[in-house]
Amino acid sequence: MSTETTPGGAYIHNIGYRHYDGPRLGRAYARRSLFSQSLRGAYGLGRSAKSKVLPMLLFGVMCLPAGIMVAVTVFTKAGNLPIGYTRYAIYLQAVIGLYLASQAPQSVSRDLRFKTVPLYFSRPIERADYVMAKFASMAGALFILTAAPLVILYAGALLAKLDFLDQTKGFGQGLVSSALLSLLFAGIGLVVSALTPRRGFGVAAVIAVLTIPYGAVSAVQGIASFRGSEAAVGWLGLFSPITLIDGVQSTFLGGSSSFPNGQTPSTAAGVVYAVVSLLVIAGCYALLMRRYRKAGL
Amino acid sequence: MRIPPPGLTTGVAGAPTVESVTVIVTESLSKRYPRVTALDRLSVDIAPGVTGLVGANGAGKSTLIKILLGLAPATEGTAHVLGLDVTKDGGTIRERVGYMPEHDCLPPDVSATEFVVHMARMSGLPPTAARERTADTLRHVGLYEERYRPIGGYSTGMKQRVKLAQALVHDPQLVFLDEPTNGLDPVGRDEMLGLIRRVHTDFGISVLVTSHLLGELERTCDHVVVIDGGKLLRSSSTDEFTKATASLAVEVTDTDAHPDGTEALRAALAAAGAVVSAGGPGTEGFASPGHVLFVEAAGEQIYDVVRDTVAGLGLGLVRMEQRRHQIAEVFRDADARTGAQAEGSGTAGQDAGRPAPVGGGNGA
């Protein structure tokens, strides 16, 4: 508690150690803080300039086609958007996959690799809080990525004076579809990348998990369609994440599917698609909880 | 050992703190994994101040900290931290204590400021307070301009300071420091030990610090708890330790007049009334125990006695130094006592064989 005066008349205060008497906001606040930090981190905010490049670039790539479609619709005075709201994400699945592969490992592998996880668990938050915050932030980041172009499309559609009710309904369905996609992809991406503390492995594994089943499903669907077993096509989509979403959106959300011949799964199959999607999301959460049971301290 | 209920005072003799409330109480605390027993009926009470927790690798130090943070359930027994039950109030405990892990835990791509602010918010501090406390804490641990640079470029000493800062940033009442001097050079080690001392004297925060070097802790701690194989070997104030085991190591040259200088000195010192032994406790750490005499340091005058005796014999004094204690020494003492107390219990013999190799690698 000493105060020194320098010749210039300036003061140097040594106020010693001060105790903190302010509020401690506890577990829920810490969980929110972790959520917002992770969500910002998924777009490189609060991180180095270098780590902003890829997420921002992919965000731009995701929005660009929407902008072009809007421009085309407005200038050609077409009566319809060239692509349905719910199908937009399906078309650009490669971009979403890349984004997930780059950011999911960033979100979880980093904490594992640098052993920061014990620092979290030595604080008020618990395992469930950590997993929930990470899951929610990844899903949130994906939702921003997939919903932003829909907003552009919707705004463009209104500018082009397309039917308001029609467009609003489509937009709403699109948002539901992208929310489901965000949860599903976030879960899969986080589970895969939480398996390895190595970021490179995580990136490769996420890409593999998203593309290999899709390639396999598409190929088998193509063969089935060629051989005339149309019923099988509808069910095969269950086996890859993006066709799962495709099945749900084409059955319930008024979209058309990317399956061969634009075939839409039957309502029964659609219900199964929706149930399987939700089960996979829940399963991913359970797997993450299991993963962090061992990782603490 | 007497186990007071939490919140009651325990009269720890010679503890310099004003409030003598226990910060940690454990009662027959056990932790058994399928194949190992990490803690075995550990009962200990720890008063405010700086307490050292000493034990070899695998002695159960980290397991104890884990249980005290409420992160692992004990197999049996109870533990209270700051008067709170670890099984029920883990969250509240973790809000009021800080933890500095033994291993590296810092992401290299963020600055110390960003990292510590984030950790402060994880402890429940509002954003503004988190930023203020971070600036304060980093200054107190001795990080200035470098705190804005990414942690990846820091030296080990600076990283240890950041780790300490994240444990202190939320102004806890108690911090657990797990091997804070690991990997530091002698200067860094001294600075870190000084800092730990200040955490208690200047900041008023109680400290539980683990180490496998007893010599290091006796300079910093008010109280030392020694555990081995999950069992309590000894819990006493640092003064008692020093008093009980202080000795001088003396090494001399041989001369023509005295072909065996060591033996001549021993005889002369014994004649002068000093208590001398050739191989003191824990001698295995020394290269040539045969040429070293251990003189019990009864008081200040012993230095003069040794000097005068050596000069009188005309020998060359190679060294005269205060013996640093090694774990083996304490283990040996404790074994002698438990062996005497628990005679015929069957476990004494098994214990006696264990500690001997422990001290060998820990030359202080």
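Contact here means heavy atoms within 4.5 Å. I keep that in mind for what follows, and I also note that this is a predicted model.

**Entry 1: A:Arg87**

I started with A:Arg87, which sits in helix H3 (residues 85-91) of chain A. Which residues does A:Arg87 contact, once neighbours within four places in sequence are left aside? I found A:Gln249, A:Ser256, A:Ser257 and A:Ser258. Then I looked for a charged partner. A:Arg87 is buried but has no salt bridge. The nearest side chain of opposite charge belongs to A:Asp246, and it is 5.2 Å away.

Next I moved to helix H6 (residues 127-159) of chain A, where A:Tyr130 is placed. Is A:Tyr130 buried or exposed? It is buried, at a relative accessible area of 0%. I listed what A:Tyr130 touches, not counting residues up to four places away in sequence: A:Leu34, A:Asp111, A:Val117, A:Tyr120, A:Phe121, A:Ile125 and A:Tyr292. I picked out A:Leu34 from that list. A:Leu34 and A:Tyr130 are 96 residues apart along the chain, yet their C-alpha atoms are separated by 7.6 Å.

A:Asp129 is in helix H6 of chain A too. Its side chain meets that of A:Arg27 in a salt bridge, 2.5 Å from N to O. This pair links distant parts of the chain, as A:Arg27 is in helix H1 (residues 26-41) of chain A, 102 residues away from A:Asp129. I checked the accessibility of both ends. A:Asp129 counts as buried at 1%, while A:Arg27 counts as partly exposed at 40%.

A reminder to myself: most residues other than glycine have a negative phi. Where is A:Lys115? I found it in the loop between helix H4 (93-113) and helix H5 (117-121) of chain A. A:Lys115 is partly exposed, with a relative accessible area of 43%.

A:Lys161 also has a positive phi, about 55°, although it is not a glycine. Its place is the loop between H6 and helix H7 (164-194) of chain A. A:Lys161 is exposed, at a relative accessible area of 73%.

**Entry 2: chain B in outline**

I turned to chain B and noted 12 helices and 14 strands. Of its 364 residues, 51% are buried. I also looked at contacts in chain B between residues at least 6 apart in sequence, and 69% of these join residues at least 24 apart.

I followed a few in chain B. B:Asp304 pairs with B:Arg307, with the closest N and O atoms 3.8 Å apart. These two residues are three apart in helix H10 (residues 301-313) of chain B, which means they are separated by about one helical turn. B:Arg307 also forms a salt bridge with B:Asp308, where the closest N and O atoms are 3.1 Å apart. I looked up how open these side chains are. B:Asp304 is partly exposed at 37%, B:Arg307 is partly exposed at 47%, and B:Asp308 is partly exposed at 45%. I also noted a network in which salt bridges that share partners join A:Arg18, B:Asp136 and B:Arg139.

**Entry 3: where chain A meets chain B**

Last, I went to the interface. The contact takes 29 residues from chain A and 39 residues from chain B. About 3300 Å² is buried between the two chains, and carbon and sulfur atoms give 55% of that area. I found three salt bridges across the interface. B:Arg94 and A:Glu126 form a salt bridge, their closest N and O atoms 3.1 Å apart. There are also 21 residue pairs in polar contact across the interface.

Which elements give two or more residues to the side of chain B that touches chain A? I listed helix H2 (90-96), helix H3 (112-122), helix H4 (127-140) and helix H5 (156-168) of chain B. H3(B) gives the largest share, six residues. By residue type, that side of chain B divides into 20 nonpolar, eight polar and 11 charged.

Conventions: Residues are numbered from 1 along each chain as its sequence is written. Chains are lettered from A and ligands numbered from 1 in the order in which they are written. This is a predicted model: local features need pLDDT of at least 70, side-chain atom pairs count only at pLDDT 80 or more; totals for chains, interfaces and linings use all residues. Side-chain values use heavy atoms; hydrogens and water are left out. Buried area is the accessible area (1.4 Å probe) that two parts lose on being put together, summed over both. A salt bridge is a side-chain nitrogen of Lys or Arg within 4 Å of a carboxyl oxygen of Asp or Glu. A polar contact is a pair of N or O atoms within 3.5 Å; within protein, one must be able to donate a hydrogen and the other to accept it, and residues adjacent in sequence count only if both atoms are side-chain atoms. Helices (H or I, at least four residues) and strands (E, at least two) are DSSP runs, numbered from the N terminus. Ala, Val, Leu, Ile, Met, Phe, Trp, Tyr, Cys and Pro count as nonpolar, Asp, Glu, Lys and Arg as charged, and the others, Gly among them, as polar. Buried means under 20% relative accessible area, exposed over 50%, partly exposed in between (1.4 Å probe, protein chains only). Lys and Arg count as positive and Asp and Glu as negative; His and the chain ends are not counted.
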